[in-house]
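Welcome, and do keep the viewer open as you read. This briefing takes a friendly walk through one structure, topic by topic.

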Amino acid sequence: MHRDSPLRNVNLSRRAFIFAGVAGATMLAASRWLTPSAAPRKDSLRVLDADGEAIVAALVPVMLAGALPAAPDARRSAIVDTVDGVDRALLGLPPLARDELGQLFVLLALAPTRWALAHTTSSWNDASASDIEAFLQRLRDSRIGLLRAAYDALHQLIFASWYGNPRAWAAIGYGGPPRIG
Amino acid sequence: MESAVASSLSIADPIREGIASGWNVIDASTLPQDRTIEADVVIVGTGAGGGTAAEILVDAGFSVVLVEEGPLQSSSDFRMREAEAYPALYQESAARKTRDKAISILQGRCVGGGTTVNWTSSFRTPAATLTTWARSFGVTGLSETELSPWFGKMEARLSIAPWTVAPNANNAVLSRGAAQTGIHWGTIRRNVKGCWNLGYCGMGCPTNAKQSMLVTTIPRALAGGATLLTRTRAMAFEWNGDRVRALNCLAMDATGTVPTARKIVVRARAYVASAGAIGTPALLLRSRVPDPDARLGKRTFLHPTVVSAAVMEERIDGWSGAPQSVYSDHYLDTMPPEGPIGFKLEAPPIHPILTAITMPGFGVAHARKMQALPHMQVLIALLRDGFHPDSPGGTVTLASDGTPLLDYSLNDYLWDGARRALVTMAELQFAAGAKSVTPVHGVGAAYSTIADTRAAIAAFDLRPLVTTLVSAHVMGGAALGPDPRTSVVDLQGRHHHLRNLHVLDGSLFPTSIGANPQLSIYAIVAKLATDLAAALKS
């Protein structure tokens with residue numbers, strides 16, 4: 001994790017069991033020896049590191065398919081907006097909830113657990129939309145309650161971020177709050 | 001921005017005016033050093049319980065300190081934007097959940113607590129609930145007759161009256177559907193004065209029409225000399241023997257999520273826990289108060305709520321207009337409390353974030369639902385938990401960092417009610433002219449006939465994190481009762497083992513209320529706080 005990230009303190013060995021069901025203890029034991037990329041994150045992000053940013057940025061276009069603007073530039077900046085909104089939401093969460101989500105992002109960033117959860121060996125930057133769609137469906141339809149909870153958390157973070165953004169409102173026929181001045 | 005500035009200039013902000021006039025308000029996130037404060041009474045929490053108690057105790061001549069973990073925001077801050085309001089005014093950014101994450105809990109965390117963000121629905125405690133408390137829990141002094149003057153007093157104080165404006169289109173579907181299917185419906189009473197009918201009660205009232213604690217009892221208490229500490233987390237009561245000696249608090253940082261190094265100690269004659277169900281039991285658990293029969297935190301109730309979304313021919317614009325103005329108690333009144341679980345039917349406000357996170361599915365299917373937002377109509381059914389042996393409620397415990405966790409198990413008794421409620425809501429929506437109905441479950445499929453919807457719901461595999469469950473009402477966890485073996489506090493709200501510790505909030509309730517709880521909290525706390533004031537004088 002990034003040096004200054006509030007997620008850095010996630011103690012994987014102690015807390016990983018929460019999302020570990022599908023990955024298995026061996027996988028997690030192995031993952032402790034792997035270092036997720038420490039690539040610098042965007043300056044504006046306060047919580048997400050480069051890995052977390054890549055994961056959310058990969059999930060957003062799939063979660064929001066049919067909702068994002070079509071024009072390439074507008075679409076790109078809408079994705080950036082949504083990642084920023086997720087980061088702001090994470091910053092406002094109590095430390096325990098933030099740690100749990102941080103742990104989910106760590107597991108999704110590390111190759112062995114990413115494979116176990118997302119069935120993909122490619123990095124999030126390179127994952128195809130159909131891979132990601134299959135991953136989300138697998139989480140959502142999992143028999144393991146904690147994986148369904150992980151899906152719910154990603155669903156909530158991303159949809160709240162986009163639909164809290166005034167840019168999302170015209171497409172859903174919402175004119176925004178009334179003027180009362 | 002110009003319009004926001006204009007609005008803040010044109011609508012008086014009683015909080016900012018009060019602060020300018022010299023109220024004792026301390027934002028602990030800015031404290032440069034530790035503080036010790038003394039008072040007659042310290043009250044933890046500023047919601048329906050704490051606000052009501054504060055006014056009564058200040059009026060009785062006592063010095064009062066109010067401790068609030070959330071921020072002090074007021075009408076000038078309330079810009080009717082979900083993205084700002086949820087992180088600022090709600091517990092855990094409105095993403096609080098039960099331990100297994102199966103139930104999302106909307107609970108206030110700001111000065112005024114839930115009353116600052118609730119939807120203003122005001123019901124007297126149903127007679128069936130009070131009767132159950134008397135019969136099954138040995139509660140005396142809280143009969144319908146005995147509470148009647150207290151309801152009257154708080155209704156007058158908070159301008160609670162029937163909503164005489166026409167319901168918004170979302171609520172009108174509920175009354176139309178109920179009329180069509182031949183079940184009871186009624187008009188909700190609201191605690192508003194000069195309401196603009198905007199529809200943004202859940203984000204803080206921008207016009208101060210809502211008669212929340214924020215604009216009524218708390219300003220009066222502050223004008224009467226009370227001290228308000230905001231961004232202050234009450235960590236634990238320090239006690240020995242049968243008395244509390246101090247309340248130890250930590251200042252929170254400006255984000256409200258992490259304590260700073262600053263400590264605040266409050267010493268008082270009487271200590272009042274009004275931190276709400278979940279908050280009050282957690283505070284008492286952190287204080288390790290005597291609890292020989294392990295009652296503390298038990299029997300915490302949520303009115304677990306299921307949701308049904310319809311698409312109507314006409315525009316609904318469910319974000320606009322008083323969010324709740326119509327209800328139906330048919331499935332409470334015709335269901336004996338001790339039988340299969342009953343439910344109250346209401347309509348919620350329909351705003352983009354709340355809708356988007358509640359609608360299941362993702363991608364194009366989700367986007368299509370959102371694009372129909374202006375025609376979306378939503379009903380909710382609130383299950384009346386806590387009246388049957390199979391509905392013991394949840395248990396508040398502490399996480400590793402001392403914050404509360406609510407363990408709430410779902411079982412067949414509750415799922416049976418959820419299934420019946422989903423069918424009922426679809427019946428009402430189709431009777432009122434719905435083109436399609438989505439019972440909120442699984443991937444969120446829509447059905448275009450009642451027969452298809454009934455068949456689908458009958459086949460639903462209802463289970464946690466597949467069936468959407470929400471709660472906006474947290475009750476119980478520090479129940480009142482005559483017997484220390486089965487309750488936490490006595491019938492006056494005084495702790496059974498610590499004689500100067502009092503609970504005055506919704507955690508007192510031995511069951512759920514079976515109605516939106518604010519008026520139950522106001523009336524019962526008004527009665528018990530008046531008794532406390534008398535006891536402190538003698």
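This is a predicted model: local features need pLDDT of at least 70, side-chain atom pairs count only at pLDDT 80 or more; totals for chains, interfaces and linings use all residues.

Residues are numbered from 1 along each chain as its sequence is written, chains are lettered from A and ligands numbered from 1 in the order in which they are written, and side-chain values use heavy atoms, with hydrogens and water left out.

**Chain A**

- Chain A has eight helices and zero strands, where helices (H or I, at least four residues) and strands (E, at least two) are DSSP runs numbered from the N terminus.
- Read from the N terminus, the elements of chain A follow the order α-α-α-α-α-α-α-α.
- Chain A holds 181 residues, and 55% of them count as buried, meaning under 20% relative accessible area with a 1.4 Å probe, protein chains only.
- Taking contacts in chain A between residues at least 6 apart in sequence, 64% join residues at least 24 apart; a contact means heavy atoms within 4.5 Å.

**Where chain A meets chain B**

- Chain A brings 40 residues to the contact and chain B brings 50 residues.
- About 3,600 Å² is buried between the two chains, with carbon and sulfur atoms giving 66%; this is the accessible area (1.4 Å probe) that two parts lose on being put together, summed over both.
- One salt bridge is counted between chain A and chain B, the term being a side-chain nitrogen of Lys or Arg within 4 Å of a carboxyl oxygen of Asp or Glu.
- That salt bridge joins the side chains of B:K101 and A:E100, at 2.7 Å from N to O.
- On the chain A side, α3 (50-63), α4 (72-92), α5 (95-109), α7 (129-140) and α8 (145-163) each supply at least two residues that touch chain B.
- The most comes from α8(A), with 10 residues.
- By class, this side of chain A has 22 nonpolar, 11 polar and seven charged residues; Ala, Val, Leu, Ile, Met, Phe, Trp, Tyr, Cys and Pro count as nonpolar, Asp, Glu, Lys and Arg as charged, and the others, Gly among them, as polar.

**A sheet in chain B**

- Three strands of chain B make an open, antiparallel sheet in the order β6-β9-β7; two strands pair if DSSP finds at least two bridges between them.
- Its edge strands are β6 (121-122) and β7 (160-162) of chain B, each pairing on one side only.
- Three antiparallel bridges link β7(B) with β9 (residues 189-191) of chain B.
- B:A161 has B:R190 of β9(B) as its bridge partner.

How values were computed. Buried means under 20% relative accessible area, exposed over 50%, partly exposed in between (1.4 Å probe, protein chains only).
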